Amino acid sequence: MKIIFSVLIGLSMVPLLLTGTPPDHRPPFDKSAYKNTLWTQVNPWWLPNKKRQFDQAGPNYAVKRYPESNYDAWKTAMEESRKYGMTGWQVELVTQTPSYGNIFNQMVQGAEELGSDFKIALMLSMHSCKGAKEDLKVLFKQMDVIADLWRNSPNIYRLNGAPVISVYTATSHPAAEWKIIIDEFEKRYGKAIWLMNFWGKPNIPDKVPQQVREYLPYFDGVTAYANWTSENHRKIAASLLPIMKEYPQKIFELPVHNTFAVHFYHGGVPTFLSEKYRNSWDMIHEFKPDSVVMTNFFDHWENSLVLPCYERQDFMLRYAEYQMSLLKNTQFTALKQPELWLTNYIDIIPGRRKLRFEVIGFPIANPVKRVTFHLEICDASGKVLHRFPETVWDLTKLRTVTFELPSEQYAAERMVLPRLVLNYAKHERTTLWNPPTLLEPSIRTSWMFWARSTVNRISPKDRSLPRLLNNQGPGETADWNALSGRGVFRANILPADYHSVNLMRIMRNGMEFKAIPGRHGITIGRSVDLPNPGGALHYYQLEMEGPEGDRIQTLPIFVSAGSRSGMVRHPFLLEDNKSIIDIEIEKARIPYWHFPCNVDAGEFLPDISGYDHHGRLQHGDRIWGPFGSLGYTGYSHYHNGDVLFKQEKCFMRDGDQRGFYRFDRNKKDCIVISGGTAFPYASTYEIELRPQKTGREMGIFGAPNGQISLTIDPEGYLNMLRTGEVEGIAGSKPGPGYKVELKSEKPLKWDKWQHIAVTYDLRMLRLYIDGKLQAEAPCRPNPAFETIDHVTVGALCRFLIQPHTFYSGDLRNIRISGRCLAPGEFLQK
C-alpha cells in the first residue's frame with residue numbers, strides 16, 4: 001500500500017511517494033546529445049576588442065588585436081573558442097535591457113557565417129520585480145527582439161529540437177512561479193530546456209542542496225555561475241550528487257572556476273596561480289557531470305577573461321582542450337615541440353605568501369618525450385637570484401610542478417622575473433623572462449597571474465643587444481629630470497623570423513604606453529615624452545608582438561624623479577600571521593596617494609603622487625560608478641576614468657587662494673576612492689579639516705572591512721576605531737572579532753584648520769592633531785584587511801559600499817601612505 005504525504009515545495013503542495021519517486025513538473029527529454037559539451041558564459045557588454053590603453057575595469061585584454069568592428073570581433077572570438085573544442089557560448093540576456101538582444105542576434109549571425117558547428121545558448125537574467133506575470137511582459141519584450149533567430153537559426157543550440165536556456169537568476173522568483181513563467185514562455189516561443197543556476201553564497205554551501213531540491217522539479221537540470229573556493233566547490237558538487245541521482249533524466253552541468261577578484265573593491269576568492277582552475281577540472285573528472293561550463297569568458301570586472309588574453313595567453317583554453325580530450329577519450333592536439341607553461345604572480349606583498357611559480361607541461365606529439373628543464377629567478381637586470389634543481393619529465397601525459405621561495409628574503413628587490421632553461425633532443429634553450437612579479441611593500445594591486453608558454457614566444461636573433469632609456473640599461477634607474485621629462489629609447493632587436501612580428505610597443509608599468517604598428521622588431525631610437533613619475537617609481541619595457549599574440553618583452557628600466565630617494569626600515573607580516581620583521585627597502589617603492597584638493601576638477605579627485613590613483617566625489621544616496629570607481633584599473637595602483645563634466649559646487653578657495661571642499665552632511669557629500677586604497681598593514685592617513693559644529697557624530701575616514709573608522713564626536717573629540725573584519729580574506733569567513741579604540745586628549749577647534757593623522761606600524765596605532773600625539777594603543781595586524789579595501793573620506797563606510805555618518809565642514813590635503821610616517825614627515829598646513 002502506498003502512503004502519500006504532502007510536502008510544501010515553493011508555493012505548491014506536491015505529492016511525494018514513499019517509494020522515493022521525486023516530484024517533477026517537466027516533460028521527459030533525451031539528454032544524451034548534451035553529454036560532454038563545453039560552454040562558457042559570455043556577457044554581451046564585455047567586448048573582445050577592448051582597447052589596450054586604460055579601458056573598462058581591469059587591465060587585462062585579448063592577447064591579439066581583434067577587428068575594430070564589434071560584429072567581426074565577436075566572430076573572431078568564436079573562431080578562437082571553436083579552435084579549442086568549445087561547443088558554444090551561453091550568452092547573457094538581461095530582460096530589463098532589450099538592446100542586448102541586438103548583440104545576441106549579431107553573435108548568432110556571426111556564428112552562422114562560421115558554419116553550423118559553433119552554437120549559441122541563452123543565459124537568462126530575469127530579476128523579480130512585480131511578480132511572474134508582470135516580469136513575463138519584460139521577458140517577452142526582450143525575446144521578441146531575438147525571436148526569429150531563436151526559432152530558426154541552426155546555430156541556436158537545440159536538444160531534442162528545443163533551445164537550451166541557462167537561468168542565471170533562478171532563485172529570484174519562488175520555485176513554483178517558474179512553472180507559470182516557463183509555461184507562458186513555451187506557449188509563445190516553443191519548448192525549451194531550462195537549467196537552473198544553483199550558485200549560492202560562497203560561505204554557505206550547506207544551503208545549496210536544499211535550494212536545488214526546491215527548484216529542480218520545475219527545471220530540466222542544473223548549471224552554475226560560480227566563484228567559490230576550491231573547498232566549497234568540492235563540498236557543493238558532492239552534495240548535489242545524490243540529488244542528481246534521484247533525477248537521472250535531468251542535466252547535471254558543473255562549473256570550472258578560473259579567477260574571481262573584483263577590481264573595484266578587491267573582493268573575491270584566493271588565487272594561487274592556476275591551482276583553483278586545475279582543481280576545478282579535477283572535480284569534473286571526479287564527479288562526472290553531463291557537461292561543463294567555464295565561468296564567464298569575457299568578464300573584465302572580475303578579471304576572469306578565459307579567452308586568449310594578455311595575462312594568461314591561451315593557457316586556460318589549452319588546459320580545457322586537454323581535459324575535454326580525457327573526458328571524451330579523444331586524441332589531444334599535442335605539438336611536436338615541448339609546450340611548457342610558466343606562471344607567476346603579478347604582484348605580492350613580501351612575507352604574506354611565498355613567491356610561487358608553476359610549470360605545466362602538455363604531452364608531446366614527437367616520439368621523443370623526455371624534457372629536462374630548470375627554473376631561474378632573476379632580478380630586474382636579468383641577474384639570476386635563484387636556480388632551482390633540474391627537473392626531468394616524460395611528457396606522455398600532462399605534468400605540473402610548483403616551485404616556491406620565501407618572499408621575505410627578496411623584499412629588497414623591486415621585482416623578480418622567472419625564466420626556463422629547457423633541454424630537449426640534445427638542444428638547450430633559455431627562454432626569455434616572464435613578465436615580472438612586483439614585490440609590493442604595502443598593498444597588492446592585482447590578485448592575478450601571468451602565464452607564458454615556450455611556444456607562444458618570438459625568438460630574437462641576438463639576445464645580447466642593449467636596450468637603453470636615457471643611456472640606462474635593464475634594472476637601472478633613469479632620472480626623469482635629466483632631459484626635462486624626455487625619454488630617449490634605443491634598441492635594435494630583430495626576430496629570428498622577420499614575418500612573425502607586426503607591432504612594437506612601449507610598456508609603462510605593465511600597460512601599453514605607446515604602440516608603433518608595422519615594426520618588424522624592437523627597432524627604436526627616438527625621444528618620447530614621459531609622464532612625471534612624481535614620488536612613484538615607474539618602469540618601462542619594450543615589446544614586440546605577432547599577429548596571433550606571440551611576443552617577447554625586454555627587461556625593465558626604471559624612471560624616477562628623485563623626490564623620495566633613500567632607504568627606510570619597513571615592517572612586514574609573515575605568513576604565520578604573527579611574526580613581524582623589519583627590512584630596509586627603497587622609500588620610493590612604497591606607494592601613497594595624495595589629493596591636495598586645490599583644483600576644481602568636478603567630481604574627479606586628482607592624485608598627484610605619480611601613481612594615478614584618483615578618486616571621485618559623491619553626493620546624495622547614489623554611489624556613482626561601481627564602488628565609487630572611475631572605471632579603469634592598472635597593474636601599478638592605477639585608477640582612472642571619466643566623470644560627468646560639471647563644476648563642483650562644494651569646491652571653494654580661501655583668502656590665500658588655497659582650494660578646499662566644503663561638505664554638507666545633509667547633502668551626503670563625500671569622497672570614494674576605489675579598491676586597493678586602504679593599506680592593510682603599515683600606513684598613515686592624513687587630512688586637514690575645518691569642521692563645523694553640528695551636534696552630531698561625523699565621519700572623516702572609513703573603510704568597509706574595518707581598516708579605519710575615524711570620527712569627530714559631538715564635542716569635537718576624535719575617535720579612531722580599528723575592528724575585526726566583516727569578511728575574511730578573499731571571501732572566507734571573518735575571524736574572531738576585536739576592537740582597538742583611540743580618543744584624542746583634546747577636542748578639535750570648530751571652524752579652524754587643523755591637521756589630523758593616524759599612523760600604524762603593525763605594532764602600535766597612533767592618533768595625532770597638528771603633529772602632537774593624542775592617543776596610542778597596541779594593535780595587531782589583520783590579514784583580512786588585504787581585501788575589500790576602498791576608502792570613504794567625509795563619511796564612514798558600511799559593508800559593502802554604504803557611506804554614512806557624513807561630515808560637515810571643510811577639508812583638503814588628503815594623503816594616504818603605505819608607510820608609518822613620523823610626525824616630522826607629516827604634511828604641513
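These legends go with a handful of close-up views of the predicted model.

Local features are kept at pLDDT of at least 70, side-chain atom pairs count only at pLDDT 80 or more, and totals for chains, interfaces and linings use all residues. Residues are numbered from 1 along each chain as its sequence is written, and side-chain values use heavy atoms, with hydrogens and water left out.

**View A. The largest nonpolar core and Trp-194.** The largest nonpolar core holds 123 residues, and Trp-89, Trp-178, Trp-194, Phe-198, Trp-281 and Met-294 have the most contacts inside it. (A nonpolar core is a set of buried Ala, Val, Leu, Ile, Met, Phe, Trp, Tyr and Cys residues joined through side-chain atoms within 4.5 Å; buried means under 20% relative accessible area with a 1.4 Å probe, protein chains only.) Helix 3 (residues 132–152) gives the largest share of this core, 9 residues. Helices here are DSSP runs of H or I with at least four residues, strands are E runs of at least two, and both are numbered from the N terminus. Leaving aside neighbours within four places in sequence, Trp-194 touches, among others, Arg-26, Trp-178, Phe-185 and Asp-220, where contact means heavy atoms within 4.5 Å.

**View B. Helix 4 and its buried side.** The 13 residues of helix 4 (residues 177–189) should span 18 Å at 1.5 Å a residue, and the end C-alpha atoms agree, at 18 Å apart. (The expected span is 1.5 Å times one less than the number of residues.) Its buried residues are Glu-177, Trp-178, Ile-181, Ile-182, Phe-185, Glu-186 and Tyr-189. They cover an arc of only 150 degrees around the axis, so they sit on the same side of helix 4; the arc is taken from the directions from the helix axis to the C-beta atoms. Their cover includes helix 3, strand 7 (162–167), strand 8 (193–197) and helix 5 (207–215). Just after helix 4, Gly-190 has a positive phi of about 95 degrees.

**View C. Phe-315 and Tyr-319 in an aromatic cluster.** Tyr-277, Phe-315, Tyr-319, Tyr-322, Phe-332, Trp-341 and Phe-362 make up one aromatic cluster. (Rings of Phe, Tyr and Trp, the last by its six-membered ring, pair if their centres lie within 6.5 Å; planes under 30 degrees apart are stacked, over 60 edge-to-face, and the rest tilted.) Phe-315 and Tyr-319 are 4 residues apart in helix 8 (residues 315–328), so about one helical turn separates them. Phe-315 is buried at 0% relative accessibility, and Tyr-319 is buried at 4%.

How values were computed. Buried < 20%, exposed > 50% of the residue type's maximum accessible area, 1.4 Å probe, protein only.
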